[in-house]
Amino acid sequence: MTVASGPLVGLRVLDLGTRIGAPFAATLLADLGADVIKVELPGQGDFMRTIGPFENGYSLFWAVEGRGKRSVTLDLRKPAGQALLRRLVPLADVVVENFQPGTLESWGLGYDVLSALNPGLILTRVSVYGQDGPYRDRPGLDRNGIATGGLMYITGYPDRPPVRPGIIVSDYLTGVFNAFSILSAVYERDRRARETGEPPRGQWVDLSLYESILRVMEHTLAAYDRLGVVREREGNRLRNSAPLDNWETSDGKYVCIIAAGDGLFPRLCRAMGRDDLLQEPRFRTMAQRAEHGDEINGIVAAWVKVRTAREVQDVLERHEVPFGVAYSVADIFADPHIAARGDIETVDDPVIGPVRMQGVYPRFSRTPGAVSRGAPRLGAHNEEVYCGLLGLTTEELEELRREDVI
């Protein structure tokens with residue numbers, strides 16, 4: 001185990017969530033030094049423990065997203081479990097949860113109760129549709145957020161059904177907004193206390209999966225409001241830009257070349273050895289190239305198709321043309337830039353040993369974060385937290401175990 005380091009050392013978070021929207025926020029904070037206590041259901045734990053891929057029955061999903069935390073078991077459905085959480089709350093800065101709206105209240109653990117125990121507490125609440133509104137009680141998961149937020153509708157090709165993005169993007173994006181919200185609320189709490197001399201006063205934050213997607217939908221809402229434009233699926237091309245696509249190379253990889261702009265297009269022409277294209281009236285401006293998109297995209301496609309990805313990359317790099325090779329995870333592991341930046345980190349997992357995964361991000365110059373521990377075994381820190389932090393005796397701990405509270 002690495003000693004916690006980073007700008008958030010001293011911040012304590014109770015992670016009551018499961019899957020991504022709340023727990024991922026807590027993982028990000030743990031990477032930067034926060035003490036995250038993961039509260040899990042006895043015998044079952046976080047649902048992520050059950051999601052593959054698996055190595056000998058152990059979830060690699062959990063190995064990545066459970067890292068850096070301490071795990072305690074606690075059944076919040078039982079009065080004794082609720083009482084134990086009430087003892088933990090005064091020792092925390094933040095509680096994160098992503099239960100169905102109203103669940104905490106049904107357990108007698110709503111914000112009014114928690115804030116009475118700890119007025120400085122920040123509570124963030126993640127759901128698919130938010131804590132109020134007519135869809136509040138609808139069940140849902142990541143894909144529902146992608147659909148309602150508008151991203152699914154515009155993803156894919158115009159002549160085919162909408163396609164989901166490659167990862168559970170509304171869950172992860174909400175986790176990032178969640179971490180941002182936590183730090184914003186902590187800053188406001190401490191600033192207000194400092195300026196007024198009054199005791200710290202927290203607040204609750206309402207986050208939803210669909211609103212996280214909605215917020216990053218570029219100009220789509222404004223364009224509909226002012227112009228009546230409904231943005232549609234365009235595949236890898238854009239109606240107002242050309243050349244632009246993901247082109248296949250001779251070795252079966254795909255390269256995206258970003259050279260539609262009037263300043264970049266000449267560079268691409270020179271890279272391809274096709275200065276003659278600059279004299280072609282159809283391709284003189286980006287608007288004209290977009291109008292003749294099939295033709296100019298076809299020319300670039302033919303040039304790429306007879307070269308390997310490495311050959312294309314080397315030529316474009318020399319001519320300062322922006323490009324990107326669509327990396328598989330195998331490409332990521334082999335890339336020298338990613339290796340030089342330390343983007344892949346080896347974490348010592350308590351179950352499967354050293355495992356390489358995404359490193360700590362973002363980077364801080366003076367107070368860099370670190371993965372302090374691998375994803376914990378279920379309830380691995382019961383004694384450390386309940387006895388060491390709350391002062392329970394070993395006899396009290398055993399009684400809670402016998403009653404299946406922990």
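Mentor: Let's start with a rule: the rings of Phe, Tyr and Trp (the six-membered one for Trp) make a pair if their centres lie within 6.5 Å, and planes under 30 degrees apart are called stacked, over 60 edge-to-face, and the rest tilted. Keep in mind that this is a predicted model, where local features need pLDDT of at least 70 and side-chain atom pairs count only at pLDDT 80 or more, while totals for chains, interfaces and linings use all residues. Numbering starts from 1 along each chain as its sequence is written, and side-chain values use heavy atoms, with hydrogens and water left out.

Trainee: How many aromatic pairs does that rule give here?

Mentor: A pair of aromatic rings is described by the distance of the centres and the angle of the planes. On that basis the count is four. One of them is F24 with Y172, edge-to-face at 4.7 Å centre to centre and 80° between the planes. F24 sits in helix α1 (residues 23–31) and Y172 in helix α7 (residues 169–196), so this pair ties together parts 148 residues apart in sequence. Helices here are DSSP runs of H or I with at least four residues, strands are runs of E with at least two, and both are numbered from the N terminus.

Trainee: Are F24 and Y172 buried or exposed?

Mentor: For the terms, buried is under 20% relative accessible area, exposed is over 50%, and partly exposed is in between (1.4 Å probe, protein chains only). Both F24 and Y172 are buried. Now look at Y129 and Y135: their ring centres are 5.7 Å apart and the planes meet at 75°, so that pair is edge-to-face too. Y129 is buried at 9% relative accessibility, whereas Y135 is partly exposed at 39%.

Trainee: Which residues form a cluster with Y129?

Mentor: Y129, Y135 and Y210 make up one aromatic cluster. Charges can join in: one sits over a ring if NZ of Lys or CZ of Arg is within 6 Å of the ring centre and within 35 degrees of the ring normal. R138 has its charged end over the ring of Y129, 5.9 Å from the centre, and R160 lies over the face of Y157 at 4.9 Å from the ring centre.

Trainee: In what order do β9, β10 and β11 stand in their sheet?

Mentor: Strands of a sheet pair through backbone hydrogen bonds, either parallel or antiparallel. Two strands pair here if DSSP finds at least two bridges between them. This open sheet runs β9-β10-β11, with antiparallel pairing. β9 (246–248) and β11 (323–325) are the edges with a single partner each, so one side of each has no neighbour in the sheet. Three bridges join β10 (residues 254–257) to β11, and I257 stands opposite F323 in β11.

Trainee: Which helix packs on the sheet and touches β10 and β11?

Mentor: Contact means heavy atoms within 4.5 Å; axes are lines fitted to C-alpha atoms, for helices over the stretch in contact, with angles from 0 to 180 degrees between N-to-C directions. Helix α13 (residues 309–318) is the one, and its direction makes about 160° with that of β11. Helix α12 (residues 293–305) lies across β9 and β10, at about 40° to β9.

Trainee: What is the peptide bond from A242 to P243 like?

Mentor: Most residues other than glycine have a negative phi, and most peptide bonds are trans. The A242 to P243 bond is cis, with omega near 0°, and P243 is in the loop between α9 (220–227) and β9. As for phi, N56 has a positive value of about 55° although it is not a glycine, and N56 is exposed with a relative accessible area of 80%.
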